[in-house]
Amino acid sequence: MTRANVSVACVILTVAAFTLMYVAPAHSYLQLGSASGGKFSPDKWTSLPVAIQISTSVAGGAKLVGSTHFETVIQHSLASWNGAPNFQTPLGAATLDTLSGPQNGVNLICFCSTNPGFSNNDGTLALTVTTTSGTQIIGANIFFNPQPSGICFATDSGVTSCPNSGDTVQDLQTVATHEIGHLIGLDHSAVVRAIMFPFAPDKQTQLSWDDVAGATVLYPKSAPDVATGAISGSVSLNGSSVFGAHVFANSTTGSNPFSGFPNIRKTPIGILTDTNGAYTILGLPPDSYEVIAEPLDGPVDNTNVDWASDFGQGSVRTNFTTRVALKTST
Amino acid sequence: MKRFAYLLLLAVSRLLFATTVIPLGVESLTRMSTHVVEGKAVSSTSQWNSEHTFIFTYTQFEVQKTLKGQTPNTVTVRQIGGTVEGITQKVAGVRHWRPGEEAVLFLQPSSIPDGALVVTGLIQGNFLMRRTPAGQTYVSNGMPDAFEYKAAAGEVTSYRGNTMQLDELESRIQKAVVK
């Protein structure tokens with residue numbers, strides 16, 4: 001792991017009220033978890049690989065269209081994560097069953113007739129329920145709403161319209177890949193093209209550098225496919241720490257260190273600062289980057305992530321303007 | 001954040017993921033809800049369901065104003081997730097209220113016979129209130145309504161989150177109720 005020479009940032013930014021300066025590494029990424037004493041601890045599975053079951057029993061009336069089976073789509077989504085570079089592959093081969101609802105000790109992905117409380121046409125497409133003991137994830141279920149409002153789920157790209165003329169097509173694999181990110185312990189990301197970005201495009205099944213970084217920090221391969229580095233620093237405004245600033249490293253080159261992994265798209269890698277204003281961006285492949293700090297004020301904002309509540313804060317701080325703070329290489 | 005974020009946006013996104021929902025407007029939320037109230041969270045308790053598969057959190061709200069339906073002085077609202085005896089269930093995007101928090105709540109009866117109401121649209125019918133030092137009250141359910149990306153300019157020209165002043169939300173609810 002290399003560490004950027006962030007002392008350069010201090011020189012650049014002393015003219016601004018908003019400064020970055022070097023501090024010891026803190027935590028990184030938008031992961032599900034909790035903070036105690038200002039230190040964030042991510043939730044993660046510790047008993048690996050995680051056994052997943054896919055229910056082939058689809059609730060009656062489910063708005064599922066296409067010739068590809070539901071379970072095949074989910075297998076593709078699982079494969080996207082399992083095939084990510086540097087990822088320890090915590091997700092085991094999924095098995096099939098016919099459960100119509102959750103069961104103790106089963107990590108289920110389903111269009112279940114028994115679910116946490118969808119109501120027809122309530123606008124909810126899917127949700128992931130994770131069960132934790134301390135910071136250990138001990139169970140998870142992904143529920144798709146059989147009858148969401150205004151949408152039908154497409155299991156393949158051959159679907160161009162829904163049976164109900166008022167509905168629009170949503171790619172199932174896109175939603176499933178996002179939800180599986182939650183299942184392994186990732187929260188939403190503020191990086192726009194990340195699969196964990198909270199707003200879904202019609203179809204996006206590739207993982208981003210940001211998704212890969214978040215996942216591999218949780219579950220690193222002992223022998224990484226591609227060596228990665230880190231950038232650390234802190235964000236302050238007029239001498240006081242900025243909590244919850246979105247800091248991301250954006251490549252300034254056209255290179256792609258993950259070129260051997262076609263299912264990965266190049267994006268910035270971003271995190272939020274902790275209560276001391278500190279950040280560490282881990283999982284950066286070798287490249288040149290500019291580091292940018294911006295307020296988390298939309299399209300992803302405080303309400304889309306659990307960061308503030310994890311730290312016992314009411315909200316992240318957003319009363320500053322976006323700054324390009326640093327150019328460096330890992 | 002908007003400019004830098006949208007410089008990277010290749011396609012306009014339209015849904016909110018995980019909890020993956022389809023954005024609903026205030027008018028739709030009003031139509032879909034049996035009760036719309038302004039309330040202050042007083043207390044919360046969490047418990048397993050009878051099958052021991054889900055933890056639900058029940059929050060009692062002191063009703064300050066009723067905008068739709070008939071409600072008693074307090075209502076109990078159920079949400080998925082919570083902590084019981086060291087075991088926690090979480091759903092990304094579902095936030096539990098803390099005592100003292102105020103919200104405009106779009107509610108409907110629970111499918112489970114527990115006497116509680118649930119938030120319409122799972123998370124969308126929960127508009128948290130925020131008061132400014134200047135005395136204004138804003139409400140937001142954290143759901144951006146609409147935005148526009150101009151690829152040629154590489155910037156967003158308009159973005160309007162589903163955040164508004166309380167007066168505007170009340171007005172839209174009242175108009176939707178009359179219709």
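How many of the 10 residues of α4(A) are buried?

**View 1. Helix α4 of chain A in a predicted model.** The model shown here is predicted. In α4(A), 10 of the 10 residues are buried, so this helix is largely enclosed by the rest of the structure. The buried residues include A:W209, A:V212, A:A213, A:A215, A:V217 and A:L218. A:D210, A:D211, A:G214 and A:T216 are on the list of buried residues too. A:A215 also belongs to the largest nonpolar core, where A:A215 is one of the residues that touch the most other members.

View 2. Helix α2 covers residues 70-82 of chain A, 13 residues in total. From first C-alpha to last, the helix reaches 19 Å. That is close to the 18 Å expected at 1.5 Å a residue. Its buried residues are A:F70, A:V73, A:I74, A:S77, A:L78, A:S80 and A:W81. Seen down the axis of α2(A), they fall within an arc of 150 degrees, so they line one face of the helix. An α-helix has 3.6 residues a turn, so residues three or four places apart point the same way. What do the buried residues of α2(A) pack against? Their partners in chain A include two helices, α3 (172-184) and α4 (209-218). The strands β5 (53-55), β6 (64-65), β8 (108-110) and β14 (207-208) are partners as well.

**View 3. The two domains of chain A.** The domain assignment divides chain A into domain 1 (7-40 + 219-329) and domain 2 (45-184). Where they meet, 14 residues of domain 1 are in contact with 10 residues of domain 2. On the domain 1 side, the touching residues divide into 8 nonpolar, 4 polar and 2 charged.

**View 4. The largest nonpolar core.** This core holds 111 residues. Which residues touch the most other members? They are A:A215, A:V247, A:I281 and B:L105. Domain 1 and domain 2 of chain A both give residues to the core, so it lies between them.

**View 5. Around A:V247 and A:Y279.** Leaving aside residues up to four places away in sequence, A:V247 touches A:V235, A:G270, A:I271, A:T273, A:Y279, A:I281, A:V291 and A:A293. Is A:Y279 buried or exposed? A:Y279 is buried, because 29 other C-beta atoms lie within 10 Å, and 20 or more are enough to count as buried. A:Y279 and A:W209 are 70 residues apart in sequence. Their C-alpha atoms are 18 Å apart in space.

**View 6. A:D43 in a loop.** A:D43 lies between β3 (39-42) and β4 (44-45) of chain A. A:D43 counts as buried, with 24 C-beta neighbours inside 10 Å. Not counting residues up to four places away in sequence, A:D43 touches A:L32, A:G33, A:T130, A:T132, A:T135, A:I137 and A:G185. A:I137 is 94 residues from A:D43 along the chain, yet their C-alpha atoms are separated by 6.0 Å.

**View 7. Backbone exceptions in loops of chain A.** Most residues other than glycine have a negative phi, and most peptide bonds are trans. The bond from A:L48 to A:P49 is cis, with omega near -5 degrees. A:P49 lies in the loop between β4 and β5. A:N86 is not a glycine, but its phi is positive, about 70 degrees. A:N86 is found in the loop between α2 and β7 (95-97). A:N238 likewise has a positive phi, near 50 degrees. This residue is in the loop between β15 (229-237) and β16 (240-241). How many C-beta neighbours inside 10 Å does A:N86 have? A:N86 has 22 and counts as buried. A:N238 is exposed, with 9 other C-beta atoms within 10 Å.

**View 8. Chains A and B in outline.** Chain A has 5 helices and 22 strands. Chain B has 3 helices and 12 strands. Of the 330 residues in chain A, buried residues make up 55%. In chain B, 41% of the 179 residues count as buried. Among chain A contacts between residues at least 6 apart in sequence, 75% join residues at least 24 apart. For chain B contacts with a separation of 6 or more, residues 24 or more positions apart account for 59%.

Definitions and conventions
Residues numbered from 1 in each chain as written. Chains lettered and ligands numbered in written order. Predicted model: local features only at pLDDT ≥ 70, side-chain atom pairs only at ≥ 80, totals over all residues. Domains from an automatic or database assignment. Contact = placed C-beta atoms within 7 Å. Nonpolar A, V, L, I, M, F, W, Y, C, P; charged D, E, K, R; others polar. Core = buried A, V, L, I, M, F, W, Y, C linked by C-beta atoms within 7 Å. Buried ≥ 20, exposed ≤ 12 C-beta atoms within 10 Å, placed from the backbone. Helix = DSSP H or I, 4+ residues; strand = E, 2+ residues; numbered from the N terminus. Expected span 1.5 Å × (residues − 1). Arc of directions from axis to C-beta.
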